[in-house]
Amino acid sequence: MMTLGELAYWELTSLRVAGGLAAVLLVAGTLVYIHLFKLVSFMQSRLGPMEAGPYGSLQLLAEVGKFLQKEDIFPRKADRFVFAAAPFVVLMSTFLLVVVVPGGPDAWFVDNDLGIYLAMAVSSVSVIGVLMAGWGSANKYSLMGGLRATGQLIAYELPLMLAVVGVVIEAGTMNMQGIVLAQANGSIFGWSGLGNPFLLTQFVGFFVFMIAMQAELTQSPFDMPIAESELVTGYMTEYSGMRFLMFFIGEFATAGVFSAVAAVLFLGGWYVPGLDATSNVFNVIGPLVMLGKVVFLSFLVFWFRFTFPRFREDQLQRLAWKFLIPIALVNIVATGILKVAF
Amino acid sequence: MSAVFAAVSTDAPIFVAQNVFFAVVALLMVGSALKVVTTSNVVHAALWLVLVLAGAAAQFILLGSEFVAVTQVLVYIGAVVVLFLFGVMLTRASMGDDESVAGEKRSMAAVVAGLLLAVMSVALIDSFSDDRVVIDQPQLVTTVADSIFSQYIVPFEAISVLLLAALIGAIVVARRD
Amino acid sequence: MSEFLRSYLTVAIFGLVGLALVGAFLGLGRILRPDHPTPQKLESYESGVDPTGDTWSQANIRYYIFALLFVIFDVEAVFIFPWAIRLDAYGAFGLIEMGIFIFILLLGLIYAWRKGVLRWA
């Protein structure tokens with residue numbers, strides 16, 4: 001780590017790209033195995049995949065091998081270009097999102113002053129990909145699913161952004177590293193034993209953020225856009241083989257990256273209490289600490305997913321506009337008053 | 001656009017890479033903009049518009065204004081284009097080409113666009129002919145914040161009224177009763 | 001300035017890596033997968049029966065109103081973020097200014113609420 005500053009830009013960037021691929025793909029694979037294969041199986045009193053590798057741990061590779069051999073079907077009426085481009089847009093958005101997530105004091109992809117604001121902007125690009133998939137498929141289910149998904153994504157993007165504002169007020173910066181350090185060096189009414197994890201002082205923001213995140217990830221109970229019983233997986237109906245797998249990877253990769261963003265905002269990111277935040281140790285254990293927090297937060301996401309039944313469209317929009325946005329605004333005002341008063 | 005040209009040709013250190021990126025992005029924007037107006041599929045036009053707007057965001061980055069660039073992505077690509085696509089898909093988004101956007105309307109539109117370009121060019125060259133924008137520091141978001149909440153505080157509050165008017169107007173127009 | 005531009009070059013490179021990754025997966029699949037299109041296979045899927053009518057269906061106009069509301073509140077959020085990082089310096093003045101701003105937009109939300117726009121039916 002001492003030599004990091006001496007590397008040329010292209011060397012450093014190659015390292016970061018390798019790290020970014022690991023942060024997206026390995027984390028997505030881990031979440032699929034732990035949560036989708038095992039957690040749900042245990043919740044339903046079954047073992048889940050057990051054959052491929054020890055405890056089925058290579059099941060995912062087997063699945064990818066299966067998808068690789070599937071025929072690539074372009075529906076005759078589909079708009080070939082838009083249909084083909086949609087998965088590219090969705091995954092590009094995920095990769096743009098991961099750049100803001102830091103893994104240690106020197107282990108970051110981009111140390112950007114706009115940080116979380118940049119993350120909110122690039123994550124909104126995936127909406128275009130979803131609409132492209134829905135329209136380009138030339139299928140009634142796909143179009144319905146695409147429109148429903150977009151309606152949901154934009155409705156919940158607002159509470160997501162407004163929930164972040166409380167954190168930004170407390171930290172006084174939008175820089176992700178700055179937010180981590182503000183939690184590491186902060187104190188709660190003079191008590192600095194744990195620093196100031198914003199989970200404790202911004203619990204309203206955390207609550208709103210996690211619900212909005214669940215909706216942004218279109219995980220149940222917010223999975224109406226891809227409801228298999230009424231819309232045959234919505235905007236993904238016509239996608240087969242690898243192209244479908246791209247959406248699937250995108251779904252879990254985005255779940256991982258969003259959990260990482262939430263971990264930075266509310267759980268102190270790569271920091272654990274008791275150590276000096278500037279210590280070099282964090283460049284080594286920081287990514288592992290992040291992974292632990294990501295697995296914990298995504299556990300909450302999938303726990304809710306497998307517990308609650310699906311919302312109706314009217315309930316969805318009502319929850320966003322009449323409940324989450326008002327309390328997020330109240331939270332901003334309350335945090336602002338407390339910040340100015342103390 | 002003349003401000004952009006001036007920015008990369010000042011006496012301050014000229015970054016060759018910056019010029020090259022400007023040219024590449026500008027060509028991409030012009031190409032996409034031509035596709036927006038020539039394609040006869042309305043959804044395709046909206047998608048080409050995404051590229052134009054992304055190019056504009058890239059140009060703002062090259063000018064050192066990251067806050068404006070990211071806001072461009074957040075508001076225009078993430079919200080306004082989605083609104084366009086919604087509008088198109090809810091009314092007539094049948095696949096294939098839309099005949100009604102071709103024909104003589106197109107030449108009329110070209111004349112109007114040409115006139116607009118002429119007026120804009122004259123206005124911009126007239127106001128900024130010899131001005132040079134020196135950009136050796138990226139503009140910090142704190143600077144943006146400080147100018148909004150000091151010099152531009154009245155326009156800022158006026159924006160909330162404007163947004164309120166837009167919201168009420170949209171609701172009145174969209175409701176049938 | 002060059003440090004700044006390089007950080008955004010990294011952002012752009014990450015976007016390109018995302019595109020390249022999808023391209024690589026699809027390219028790998030192209031080597032391995034069969035390709036036997038038949039007319040039935042290429043039909044639009046409609047639960048197993050022959051597709052009827054146009055592929056396009058009229059969707060609910062309410063989506064459009066929600067999108068309009070979204071654009072307006074998105075612009076509001078754009079102003080809240082720079083305010084939030086400098087609130088320490090602005091103090092009570094900043095609170096009052098932003099309080100007025102949010103209050104006026106809340107009036108809009110309440111108006112939409114009272115007019116029943118937020119109700120889906």
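**Close-up views of helix packing and chain contacts**

**View 1. Helices α11(A) and α12(A) where they cross.** α11(A) makes a right-handed crossing as it passes α12(A). The model shown here and in the other views is predicted. Helix α11 covers residues 241-266 of chain A and helix α12 covers residues 281-305 of chain A. Their axes lie 8 Å apart, and the packing angle is about 110°. Angles of 65 to 115 degrees count as roughly perpendicular, and α11(A) and α12(A) are therefore roughly perpendicular to each other. On the α11(A) side, the residues that meet α12(A) are Ala255(A), Gly256(A), Ser259(A), Ala260(A), Ala262(A) and Ala263(A). The residues they meet in α12(A) are Met290(A), Lys293(A), Val294(A), Leu297(A), Ser298(A) and Val301(A). By residue class, the contact of α11(A) with α12(A) has eight nonpolar, three polar and one charged.

**View 2. Helices α6(A) and α13(A) packed together.** Helix α6 (residues 140-171) of chain A packs with helix α13 (residues 313-341) of chain A at an angle of about 15°. The two axes are 9 Å apart. Angles under 35 degrees count as roughly parallel, so α6(A) and α13(A) are roughly parallel to each other. α6(A) and α13(A) form a left-handed crossing. Of the residues in the contact of α6(A) with α13(A), 16 are nonpolar, six are polar and four are charged.

**View 3. The contact between chain B and chain C.** Chain B gives 42 residues to this contact and chain C gives 41 residues. On the side of chain B that touches chain C, at least two residues come from each of α4 (66-91), α6 (141-148) and α7 (153-174) of chain B. α7(B) has the largest share of that side, with 13 residues. The side of chain B that touches chain C is made up of 30 nonpolar, eight polar and four charged residues.

**View 4. The contact between chain C and chain A.** Here 65 residues of chain A are in contact with 54 residues of chain C. The helices α1 (2-32), α2 (62-85) and α3 (87-114) of chain C each provide at least two residues of the side of chain C that touches chain A. The most come from α1(C), which gives 17 residues to that side. Among the residues of the side of chain C that touches chain A, 36 are nonpolar, eleven are polar and seven are charged.

Definitions and conventions: Residues are numbered from 1 along each chain as its sequence is written. Chains are lettered from A and ligands numbered from 1 in the order in which they are written. This is a predicted model: local features need pLDDT of at least 70, side-chain atom pairs count only at pLDDT 80 or more; totals for chains, interfaces and linings use all residues. Two residues are in contact if their C-beta atoms, placed from the backbone, lie within 7 Å. Helices (H or I, at least four residues) and strands (E, at least two) are DSSP runs, numbered from the N terminus. Ala, Val, Leu, Ile, Met, Phe, Trp, Tyr, Cys and Pro count as nonpolar, Asp, Glu, Lys and Arg as charged, and the others, Gly among them, as polar. Axes are lines fitted to C-alpha atoms, for helices over the stretch in contact, and angles run from 0 to 180 degrees between N-to-C directions. Angles under 35 degrees count as roughly parallel, over 145 as roughly antiparallel, 65 to 115 as roughly perpendicular and the rest as oblique. A crossing is left-handed if the near helix is turned anticlockwise from the far one by less than a right angle, and right-handed if clockwise.
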